[in-house]
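Please open the model in your viewer and keep the selection tool at hand.

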Amino acid sequence: MGKLELSHRVVLAPLTRQRCLGYVPQPPMILYYSQRTSKGGFLIAEAAGVSDISQTSPEMPGIWTKEQVEGWKPIVDAVHAKGGIFFCQLIHVGRVLDTGILFLFIVVYSGWYGFPGNTVNQTLKALWAQLRQHSLDKVGLGASVWEGVRSHSLSLSTFKDSHRSKKVPNGKSPVSSSNKKLAYQQRSPKKLTTQEIPLVVDDFRVAARNAIEAGFDGVEIHGAHGYLIDQFLKDEINDRTDEYGGSLENRCRFALEVVDAIGGDKVGIRLFPFANYSESGDSNPEILGLYMAESLNEFKILYCHMVEPRMKSVFEKVDCLESLVPMRKAFKGTFISAGGYGREDGNKAVAENRSDLVAYGRLFLANPDLPKRFELNAPLNKYNRSTFYTRDPVVGYTDYPFLETTI
């Protein structure tokens, strides 16, 4: 992959794990990433915010302060000590920052505050039903999450207190390509002006510099899943009439300016043109993906990381006719595919030249030695979804067994 020598094609996908404190990486992350490192293996770190309004939760990491950079250093060192190659994913969530009620449901689902398992009160049931009517797949959650939500409960007073406690950092408003608010939001985001957009581009540039200072081998720009860059790319939300909206070229301008500001051979980008997470869909996703893939060639970036269209419903694979093949053919660098892959279809994707590398999320989370298990065709541990986003530094994080302890 460019100047980097990889020993296999199994990539650790960027996975939000919620184990930080105040946006600062914590010591348990050293073991977590080290466990999943193999010599010559490629790992992409969980998304790190580029500014103080770029992350949805203080349990997610940042890369905009000196303290955050110092927090990342021992984690990166541990990966390098085992011969791994480590990239930092850079994120700005845009209007998703102001998550309100949605954040509460994620909290309940993941069990952060240990709500008792009593019957869900009628108010929550009614709200749950109402939100389902708004097609919550579009705001980034699928049926599996909602079934998890229904299995937890909280009193009405707790619900109100939790909702009030979710505040935007520093009292600032979330920003976006538009002032359109999500179905569950009570206020509209601030539409970035043409004077403000270069400042956000610079946030990405500085964050990339900070990542290199922390020791990362490169960075991946998060341009998917309904976050800020995606909010510019997709015509469902981007209703601008200036040079950042309207035509396909204009809607892609912001993303390409971020790429250009950071540089080439140590940069990748993650895209998901087919999804409409957080109400950020596009009327012609294949044309959007193809345009981005072709445009990225100009900047000679290291790789393009795209999510399979079958994952357009969060957490669940769906049958569809769309394919990443046109984008794979158009992009001249390394192409990484992600989205519901197992061992066999991952091997098939590479064998059929549909991808150079395959990124694995949940399987890698539950199997820290996944490349070895794939090599031996060994049994896999099952993941426990209820521990994905808890604050526990061990359970569901670093306690998944290795192959030698299970056979």
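Begin by selecting strand β8, residues 267–271, which is mostly covered, since five of its five residues are buried (buried means under 20% relative accessible area, exposed over 50% and partly exposed in between, with a 1.4 Å probe and protein chains only). Strands (E, at least two residues) and helices (H or I, at least four) are DSSP runs, numbered from the N terminus. The model is a predicted one, in which local features need pLDDT of at least 70 and side-chain atom pairs count only at pLDDT 80 or more, whereas totals for chains, interfaces and linings use all residues. Residues are numbered from 1 along each chain as its sequence is written, and side-chain values use heavy atoms, with hydrogens and water left out.

Move on to helix α1 (residues 28–35) and helix α2 (residues 66–81), which pack at an angle of about 25° with their axes 8 Å apart. Axes are lines fitted to C-alpha atoms, for helices over the stretch in contact, and angles run from 0 to 180 degrees between N-to-C directions. The angle makes α1 roughly parallel to α2 (under 35 degrees; over 145 is roughly antiparallel, 65 to 115 roughly perpendicular and the rest oblique). To see the contact (heavy atoms within 4.5 Å), select Met 29, Ile 30, Tyr 33 and Ser 34 in α1, which meet Trp 72, Pro 74, Ile 75, Ala 78 and Val 79 in α2.

Finally, select helix α10 (residues 253–262) and helix α11 (residues 285–296), whose packing angle is about 25° and whose axes are 11 Å apart. These helices, α10 and α11, are therefore roughly parallel to each other. Show Ala 255, Leu 256 and Val 259 of α10 together with Met 292, Ser 295 and Leu 296 of α11, the residues that make the contact.
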